[in-house]
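Good morning. I will go through one model, starting with the fold and ending with a pair of rings.

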Amino acid sequence: RKYKNLFEKYRMPWSTGGSGYMVLEKIIENYEEYKKFVEKTKKYYESEREKFSHFMAFPSKTNYLTCKIQNEKSFKNLIKDQNIHVRFMEDFGMSGYIRIGLKSIKDNQLILNLLRKNAKKEV
């Protein structure tokens, strides 16, 4: 492959593998499109994170957010039939917090609505 020597020069000490070389080669060949994709993705996540800002426990630059919930038991009941997954943080000593991954606009709106509904419940 024409990029193999370049990859070898800068790679980490473990093997990249054939699939990794193919992905990297396509990124290099389509670098301008890749940069556009990265910029579009960054803007999407910034926009979606802003929607959750009222519930965010910590600032985030990733597609994962830690959110404060009012009532864990109530929230677990709200999500049980919604076919969504959140990471409850009590095993990290953070009772009353969840970690969510940003997904599609539809999925994000669903979890946001559930957070709002939970916030209105009496503790």
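The protein chain has five helices and three strands as its secondary structure. This is a predicted model, so please keep that in mind throughout. Read from the N terminus, the order of elements is α-α-α-β-α-β-β-α.

Next, the dimensions. The radius of gyration of the protein chain is 20 Å, whereas a compact globule of 123 residues would come out near 14 Å. Along the principal axes, the C-alpha atoms occupy a box of roughly 65 × 30 × 25 Å.

Buried residues make up 28% of the 123 in the protein chain. Among contacts with a separation of 6 or more, 57% are between residues 24 or more positions apart. The accessible surface is about 9200 Å², and carbon and sulfur atoms contribute 53% of that.

For charges, the protein chain carries 26 positive and 15 negative ones.

Last, the aromatics. There are three aromatic pairs in the structure. I will show one of them, Phe75 with Phe88: the ring centres are 6.3 Å apart and the planes stand at 70°, so this pair is classed as edge-to-face, for which the angle must be over 60 degrees. Phe75 belongs to helix 4, residues 72–79, and Phe88 to strand 2, residues 87–88, so the pair ties together parts 13 residues apart in sequence. Are these two residues buried or exposed? Phe75 and Phe88 are both buried.

Note on methods. Residues are numbered from 1 along each chain as its sequence is written. This is a predicted model: local features need pLDDT of at least 70, side-chain atom pairs count only at pLDDT 80 or more; totals for chains, interfaces and linings use all residues. Side-chain values use heavy atoms; hydrogens and water are left out. Helices (H or I, at least four residues) and strands (E, at least two) are DSSP runs, numbered from the N terminus. The radius of gyration is taken over C-alpha atoms; the globule rule is 2.2 Å times the number of residues to the power 0.38. Buried means under 20% relative accessible area, exposed over 50%, partly exposed in between (1.4 Å probe, protein chains only). Contact means heavy atoms within 4.5 Å. Accessible areas come from the Shrake-Rupley method with a 1.4 Å probe; for residues, only the protein chains shown count as cover. Lys and Arg count as positive and Asp and Glu as negative; His and the chain ends are not counted. The place of a charge is taken as NZ of Lys, CZ of Arg, CG of Asp or CD of Glu. Rings of Phe, Tyr and Trp (its six-membered ring) pair if their centres lie within 6.5 Å; planes under 30 degrees apart count as stacked, over 60 as edge-to-face and the rest as tilted.
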